[in-house]
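This report looks at selected features of one model, taking sheets, a helix pair and some backbone details in turn. Please keep the sequence and the structure in view while reading.

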Amino acid sequence: MQKNSILFVILSAFTVFIWYFFFTPQQKQLSQLPPQAQSMTDALDAQYPKLNDADLSGSSEISSAYAEEKHVNIETEQYKAVLTNKGAGILSWSVKERSGQWVDLVFPESAPVMANFPGLIYKIVSKSNEKVVFEYVSKDGWKITKTYNLSNLYMHNLNISIERKGKTPFPQIDFRWGPGLGTDVKELKENISLTRALACAALKPGKLKKLKNTVESASLYKWLAVDNRYFLAAFIPEKPADFDKIIPSKADKHHPYSIVLTAVAPKNIAKKDYSVNFYLGPKNYTHLKTYDLGFEKTVDFGFFGFLGKIAFSILSFFYKLTHNYGWAIIMLTVVIQILVLPLTLKSFKSAAAMKRVQPIIKDIQIKYKDSPQRLQAEMLNVYKSQKVNPLGGCLPMLLQLPIFWAFFTMLRNAYELRNEGWILWVKDLSAADQFMQLGSFNLNILPLIMGIGMFFQQRMTAVTSDPTQKKMMYIMPVVFTFMFWSFPSGLVIYWLTNSIISMMEQYFIIKKNAVRVKRV
């Protein structure tokens with residue numbers, strides 16, 4: 001009955017642990033795929049007409065330009081890409097982050113992505129940072145032209161034009177990405193578990209559906225995508241009627257998703273163009289909203305997303321004032337503490353009252369240890385006479401859990417915190433605050449400070465003489481320190497600030513309520 005503070009800590013720890021357990025399975029590299037799942041692309045290819053190198057022979061337009069694989073390098077301030085004339089696909093697409101590092105969104109084992117008939121070698125018609133044109137002419141009398149129209153940022157366009165002579169059948173055209181979506185080294189451990197296949201409903205703009213291994217009708221969706229925690233690869237058809245199927249595919253839980261958007265085969269025409277805009281870049285919430293396509297919905301604010309969005313808006317406001325997300329997190333934490341202050345005070349007052357009557361409860365427990373019913377009656381009499389509710393501290397703390405969880409999820413998934421520093425050694429709020437490396441061991445200071453603070457906070461509010469409960473109170477700081485050890489420093493700053501403010505509130509409440517209890 002005298003463990004309200006412990007209950008909140010245990011519930012919070014349990015919530016964090018469950019999240020961390022389910023969302024951070026061990027990573028398997030794509031190169032380690034089992035033979036039966038070696039390529040989801042192979043399985044998908046089996047559904048469509050295949051072309052092979054033999055198709056190259058006999059074409060009047062074949063020249064030395066088709067003889068070997070060649071690469072086209074594109075480089076701008078925000079991204080650099082490597083395209084190949086093998087399938088006219090993408091071998092590499094790296095986006096530049098604020099820190100200056102480059103993150104390749106294409107897994108080498110998945111390349112080339114967005115290729116059409118990877119067994120064919122296209123002719124490079126033209127190339128520049130704004131446009132790259134590939135062309136292939138079949139011996140059967142059809143021609144495919146792929147044109148990449150590139151911008152300076154993250155939204156681009158791919159146009160595929162098919163021409164035929166006579167009644168030569170059109171080949172099956174599709175747009176593909178995957179399996180998987182690249183990320184940086186820090187995120188590799190959990191990347192596969194976080195990689196999703198998504199589609200945005202056409203009739204309900206902004207409503208996302210997580211795709212499974214089930215074929216979907218393309219006409220029902222505005223766009224489709226593969227994403228992970230911080231990055232997004234999305235296809236937006238310019239004419240949805242030109243496409244018929246969305247095929248997501250995932251071998252098993254240890255492997256990431258692949259998506260395919262298939263085109264409708266044209267009839268009774270000699271030429272057909274398929275145009276798809278595609279986004280390749282970070283999930284910067286504010287920037288994604290500028291496209292007015294619902295891309296910002298891919299940022300996961302968790303179960304209490306509406307609270308997370310409010311917290312993010314306030315965090316962004318404080319960032320504009322401080323130009324430092326670390327201080328913005330601290331200011332936001334203070335605001336949250338002020339908002340929940342009535343609940344916190346009620347909880348702490350209840351804990352202080354329980355601590356105040358503890359000597360009497362202990363005497364009663366000794367006196368009536370052989371009479372459980374009398375013991376219960378006497379304890380209830382003490383609580384009633386002293387106006388103490390033994391459960392008074394539980395409900396206020398439980399009501400704070402949605403706020404805590406929303407803030408936790410927002411900080412965990414906000415791309416804006418990536419590569420943003422705070423002070424001194426804290427250089428990246430989205431990563432652990434590595435103070436120094438001792439061999440293979442990373443010494444992180446913030447979780448240690450947090451754990452020490454939680455230890456003193458537990459001692460301050462201890463109201464029990466039960467040895468088991470006492471051990472639990474001292475174990476919890478160790479458990480939290482261990483769990484938060486590799487968590488992003490932004491989360492640790494939040495929890496540490498929260499603990500410091502709570503300790504100050506507890507100190508004044510306990511001091512104010514530290515009066516001698518009148519015996520009954």
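Two strands are taken to pair if DSSP finds at least two bridges between them, while helices (H or I, at least four residues) and strands (E, at least two) are DSSP runs numbered from the N terminus. Both strands belong to an open sheet of 4 strands in the order 9-16-15-12, with antiparallel pairing, whose edges are strand 9 (174-177) and strand 12 (216-217), each pairing on one side only.

The model is a predicted one, in which local features need pLDDT of at least 70 and side-chain atom pairs count only at pLDDT 80 or more, whereas totals for chains, interfaces and linings use all residues. Residues are numbered from 1 along each chain as its sequence is written, and side-chain values use heavy atoms, with hydrogens and water left out.

## Helix 5 against helix 6

The axes of helix 5 (residues 305-322) and helix 6 (residues 325-339) come within 8 Å and cross at roughly 130 degrees; axes are lines fitted to C-alpha atoms, for helices over the stretch in contact, and angles run from 0 to 180 degrees between N-to-C directions. In the contact (heavy atoms within 4.5 Å), A311, I314, L315, F318, Y319 and T322 of helix 5 meet Y325, W327, A328, I329, M331, L332 and V335 of helix 6. These residues divide into 12 nonpolar, 1 polar and no charged, where Ala, Val, Leu, Ile, Met, Phe, Trp, Tyr, Cys and Pro count as nonpolar, Asp, Glu, Lys and Arg as charged, and the others, Gly among them, as polar.

## Backbone details

The peptide bond from A111 to P112 is cis, with omega near 0 degrees, and P112 is found in the loop between strand 4 (102-104) and strand 5. The bond from G178 to P179 is likewise cis, with omega near 10 degrees.
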